[in-house]
Amino acid sequence: MFKINDSVIHCREGLSKIVAMNSMNGKDYFLVSVQRNSGETIYVPVETASSIIRPLMNEKEADELLRYIKKIHKEFNTNTKQRRDAYKKMLSSGDVKEIAYLYRQLFFYNKIGGENNTEIKLGPVDIDMLTYAQNMLMDELSITYNVKLEEVKDFVEKRIAKL
């Protein structure tokens, strides 16, 4: 399913690239280079790779995800511990829809005034998790839609509005 030089999404690290394949102790591993943290390489067992990495979305799949994002509503749990636990679980799931949900919550948070809003107070940990999800998603969509990384957020919001 995967081969050397494939760009993939690592469930916890985001945009990555398969740079090699090695055998150790009788098992085959993909060496996956994380794109955001230059120099970090992760060993992913070939036999369980599909539960740890996934191929990048194609444009049709990305449009389907954006339609899903358009239906997401603003939803902030006021219980800090419950909210953070939920965010951590979604981030670690590697599920693109869960990552998209977190991205959309950051969008809503910023739309209602970010740190200066009176509706909900998110702490730095919350913001870091939501930003991490946004970065993961934008990295992938930038490649999928062939849009510069610094322009992809505006591109995505315009595309969501059109769908």
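Student: Which residues does Pro-45 touch, not counting residues up to four places away in sequence?

Tutor: Pro-45 touches Asp-28, Tyr-29 and Ile-52. Contact here means heavy atoms within 4.5 Å. The model is predicted, so local features need pLDDT of at least 70 and side-chain atom pairs pLDDT 80 or more, while totals for chains, interfaces and linings use all residues. Residues are numbered from 1 along each chain as its sequence is written, and side-chain values use heavy atoms, with hydrogens and water left out.

Student: Where is Pro-45 placed?

Tutor: Pro-45 sits in strand β4, residues 41–45. Strands (E, at least two residues) and helices (H or I, at least four) are DSSP runs, numbered from the N terminus.

Student: Why is Pro-45 called partly exposed?

Tutor: Its relative accessible area is 22%. Buried means under 20%, exposed over 50%, and partly exposed in between, with a 1.4 Å probe and protein chains only. Pro-45, at 22%, is therefore partly exposed.

Student: What separates the C-alpha atoms of Pro-45 and Glu-61?

Tutor: A distance of 26 Å, with the two residues 16 apart along the chain.

Student: Why is Gln-105 called buried?

Tutor: Gln-105 has a relative accessible area of 0%, so it falls under the 20% limit. Gln-105 belongs to helix α3, residues 96–111. Beyond four places in sequence, Gln-105 touches Ile-72, His-73, Lys-74, Glu-75, Phe-76 and Leu-130.

Student: Which backbone oxygen lies 3.0 Å from a polar atom of the side chain of Gln-105?

Tutor: The backbone oxygen of His-73 does.

Student: Why does Arg-104 count as buried?

Tutor: Its relative accessibility is 7%, so Arg-104 is also under the 20% cut-off. Arg-104 is in helix α3. Leaving aside neighbours within four places, Arg-104 is in contact with Ile-69, Ile-72, Glu-157 and Ile-160.

Student: What makes Asp-6 and Lys-3 a salt bridge?

Tutor: Their closest N and O atoms are 3.4 Å apart. A salt bridge is a side-chain nitrogen of Lys or Arg within 4 Å of a carboxyl oxygen of Asp or Glu, so this pair qualifies. Asp-6 is buried at 17%, whereas Lys-3 is exposed at 55%.

Student: How do you know that Lys-27 and Glu-47 form a salt bridge?

Tutor: The closest N and O atoms are 3.9 Å apart, so the pair is within the limit. The pair links distant parts of the chain: Lys-27 lies in strand β3 (residues 27–34) and Glu-47 in the loop between β4 and β5 (53–55), 20 residues apart. Lys-27 is partly exposed at 40%. Glu-47 is exposed at 65%.

Student: How many salt bridges does the structure hold?

Tutor: Nine. Glu-59, Asp-63 and Arg-159 are linked in a network of salt bridges.

Student: What makes a cavity a cavity, and a pocket a pocket?

Tutor: On a 1 Å grid over the protein atoms alone, a cavity is a set of points where a 1.4 Å probe fits but cannot get out. A pocket is an open set with protein on both sides within 12 Å along at least five of seven lines. Lining residues have an atom within 4 Å of a point.

Student: How many cavities of 30 Å³ or more are there?

Tutor: One. The largest cavity holds about 50 Å³ of space. Its lining is Ile-9, Arg-54, Gly-94, Val-96, Ile-99, Met-136, Leu-137 and Glu-140. Helix α4 supplies the largest share, three residues.

Student: Which residues line the largest pocket?

Tutor: Arg-54, Pro-55, Leu-56, Met-57, Glu-61, Glu-64, Leu-65, Tyr-68, Val-96 and Lys-97. About 160 Å³ of space lies in this pocket. The largest share, four residues, comes from α1. β5, α1 (59–70) and α3 each supply at least two residues.

Terms used. A polar contact is a pair of N or O atoms within 3.5 Å; within protein, one must be able to donate a hydrogen and the other to accept it, and residues adjacent in sequence count only if both atoms are side-chain atoms. Grid points are joined across faces, edges and corners, and a volume is the space filled by probe spheres set on the points.
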